[in-house]
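Keep the 3D view at hand as you read.

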Amino acid sequence: MNRDLLNKLTLTGLIWGRMTFGVAAWLAPRPVGNAVGLDMEGNPQAAYLARILAVRDLVLACGALGTDGEAQRQWLLAGLVCDSADTLAGVAAGRSGYLPKRTSLQLTGFALSGVVAAVAVLRETSGSTSA
């Protein structure tokens with residue numbers, strides 16, 4: 001497969017993945033939280049937190065979608081920082097036991113997929129091996 005096409009597909013997947021999560025978590029925070037193993041009924045405030053994350057992902061997606069060049073690179077870097085922090089938070093939650101291991105693994109995996117996708121796109125668009 002052509003590298004430019006692969007890069008474009010990776011970027012498109014990252015953007016639409018963020019948008020999909022953002023819309024779903026905003027419109028239905030409890031079912032989305034339950035789907036990844038969060039105790040939404042036991043923590044009524046979790047719906048509020050889910051919506052905050054939903055908006056963050058929607059803004060990051062729209063920023064990356066509506067720009068190109070250096071401006072898009074900045075949006076991708078912002079998303080990379082957020083996903084990296086989310087990855088570390090997922091690991092910490094599993095290690096300290098306040099999330100079940102399966103939930104921690106799922107949430108860490110989701111965040112890590114964003115890290116991998118952003119790094120791949122940033123490396124390809126910068127033409128170097130560092131993001």
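In this predicted model, 35 residues line the largest pocket. Those nearest its centre are Phe21, Val36, Leu38, Leu53 and Leu107. Which elements give two or more residues to this lining? They are α1 (3-27), α2 (29-35), α3 (46-65), α4 (69-96) and α5 (101-126). The space in the largest pocket comes to about 1100 Å³. By class, its lining holds 21 nonpolar residues, eight polar ones and six charged ones.

Now step back to the fold. The protein has five helices and zero strands. Read from the N terminus, the order of elements is α-α-α-α-α. Along the principal axes, the C-alpha atoms fill a box of roughly 45 × 30 × 25 Å. The radius of gyration is 15 Å; a compact globule of 131 residues would have a value near 14 Å, so the two agree. Of the contacts with a separation of 6 or more, 61% join residues 24 or more positions apart. Buried residues account for 32% of the 131 residues.

Turn next to the core. In soluble globular proteins, nonpolar side chains tend to be buried together. Here, the largest nonpolar core has 13 residues. Leu11, Leu14, Ile15, Leu76 and Leu80 have the most contacts inside it. Two or more core residues come from each of α1, α3, α4 and α5. The largest share is that of α5, with five residues.

What does Leu76 touch, once residues up to four places away in sequence are set aside? Its partners are Leu11, Leu14, Ala64, Ala118, Val121 and Leu122. Leu11 and Leu14 are, like Leu76, among the residues with the most contacts inside the core.

A search of the whole structure finds one cavity of 30 Å³ or more. The largest cavity holds about 50 Å³ of space. Which residues line it? The lining consists of Leu14, Ile15, Arg18, Leu60, Ala64, Trp75, Leu76, Gly79, Leu80 and Ala118. The elements α1, α3 and α4 each give two or more residues to this lining. The most come from α4, which supplies four. By class, the cavity lining divides into eight nonpolar residues, one polar and one charged.

Arg51 sits in helix α3. Leaving aside neighbours within four places in sequence, Arg51 contacts Ala25, Trp26, Leu27 and Pro29. Arg51 and Met40 are eleven residues apart in sequence. In space, their C-alpha atoms lie 13 Å apart.

Notes: Residues numbered from 1 in each chain as written. Predicted model: local features only at pLDDT ≥ 70, side-chain atom pairs only at ≥ 80, totals over all residues. Heavy atoms only, no water. 1 Å grid on protein atoms, 1.4 Å probe; cavity = no way out; pocket = protein on both sides within 12 Å on 5 of 7 lines; lining within 4 Å. Points joined across faces, edges and corners; volume = space filled by probe spheres on them. Nonpolar A, V, L, I, M, F, W, Y, C, P; charged D, E, K, R; others polar. Core = buried A, V, L, I, M, F, W, Y, C linked by side-chain atoms within 4.5 Å. Buried < 20%, exposed > 50% of the residue type's maximum accessible area, 1.4 Å probe, protein only. Contact = heavy atoms within 4.5 Å. Rg over C-alpha atoms; globule rule 2.2 N^0.38 Å.
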